[in-house]
Amino acid sequence: MENEKKLKLVFAASSGGHYEQLMMLKPLMEKHDSCVVGEATSYNAKSDIRTYYMHQVNRKEILFIPKMIGNTIRAIKILHKEKPDAIICTGVLAMIPLCLLGKLRGSKLIYIESFAKVTSATMSGKLLYKYADRFYVQWESMLDIYPNAVYKGGIY
């Protein structure tokens, strides 16, 4: 479809498995004007798609609040520069400011609950379920926890 409008998309995920799940959507990233937001780690996951980094956050660490403030500032800058039509997120905590601020500025929020969650919810999922325009689960059993979610199978 030659005339199909390219969307501005932000793909967001923490490091590790959440990031790997997000990268399963690379064909969608390549189809649209996309960027990736990940966590800054000692090995910074590499992508050939424009990438931004958030602070890695653990809610039990002493620097939790300063890091979340930093991530909020980074989210504001990313959203101002990218102006996404939608944010597609596989979690977790470090991405919450980006997701919520994006939603406030009018971006659609699409959340994909972790493939690892078969019978229980993630904390990020529980929060973002309330705000997501579309919420996907990768296991049918998760519809008991998220009754308004969409089940299409796993992204692997």
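Predicted model: local features only at pLDDT ≥ 70, side-chain atom pairs only at ≥ 80, totals over all residues.
Biologist: How do I read a pocket?

Modeller: Rolling a probe the size of a water molecule over the atoms shows where empty space is left. Here the largest pocket has a volume of about 260 Å³. It is lined by 16 residues, and those closest to its centre are Leu25, Leu28, Ile110, Ile112 and Tyr136. Strands β4 (86–91), β5 (108–112) and β6 (134–137) each give two or more residues to this lining.

Biologist: What classes of residue line the largest pocket?

Modeller: The lining divides into 11 nonpolar residues, 4 polar and 1 charged.

Biologist: What lines the second largest pocket?

Modeller: That pocket holds about 180 Å³ of space. Its lining includes Arg59, Phe64, Val92 and Leu93, and also Thr122, Met123, Ser124 and Leu127. Helix α5 (residues 123–128) gives the most to the lining, with 3 residues. By class, 6 of the lining residues are nonpolar, 2 polar and 1 charged.

Biologist: How many salt bridges does a search of the whole structure find?

Modeller: The search finds 7 salt bridges. The cut-off is a side-chain nitrogen of Lys or Arg within 4 Å of a carboxyl oxygen of Asp or Glu. Asp33 and Lys8 form one, with their closest N and O atoms 3.5 Å apart. This pair links distant parts of the chain, with Asp33 in strand β2 (residues 33–39) and Lys8 in strand β1 (residues 8–13), 25 residues apart. Asp33 is partly exposed at 30% relative accessible area, and Lys8 is partly exposed at 24%.

Biologist: Which parts does the pair of Glu82 and Arg50 tie together?

Modeller: Their side chains meet in a salt bridge at 2.9 Å, N to O. Glu82 belongs to helix α3 and Arg50 to the loop between β2 and β3 (51–54), so the bridge ties together parts 32 residues apart in sequence. Glu82 is buried, with a relative accessible area of 4%, whereas Arg50 is partly exposed at 37%.

Biologist: Which residues are linked in a network of salt bridges?

Modeller: The network links Lys8, Asp33, Arg50 and Glu82. Another salt bridge joins Glu61 to Lys67, with the closest N and O atoms 3.2 Å apart. Glu61 is partly exposed at 25% relative accessibility, and Lys67 is partly exposed at 23%.

Technical notes:
Residues numbered from 1 in each chain as written. Heavy atoms only, no water. 1 Å grid on protein atoms, 1.4 Å probe; cavity = no way out; pocket = protein on both sides within 12 Å on 5 of 7 lines; lining within 4 Å. Points joined across faces, edges and corners; volume = space filled by probe spheres on them. Helix = DSSP H or I, 4+ residues; strand = E, 2+ residues; numbered from the N terminus. Nonpolar A, V, L, I, M, F, W, Y, C, P; charged D, E, K, R; others polar. Buried < 20%, exposed > 50% of the residue type's maximum accessible area, 1.4 Å probe, protein only.
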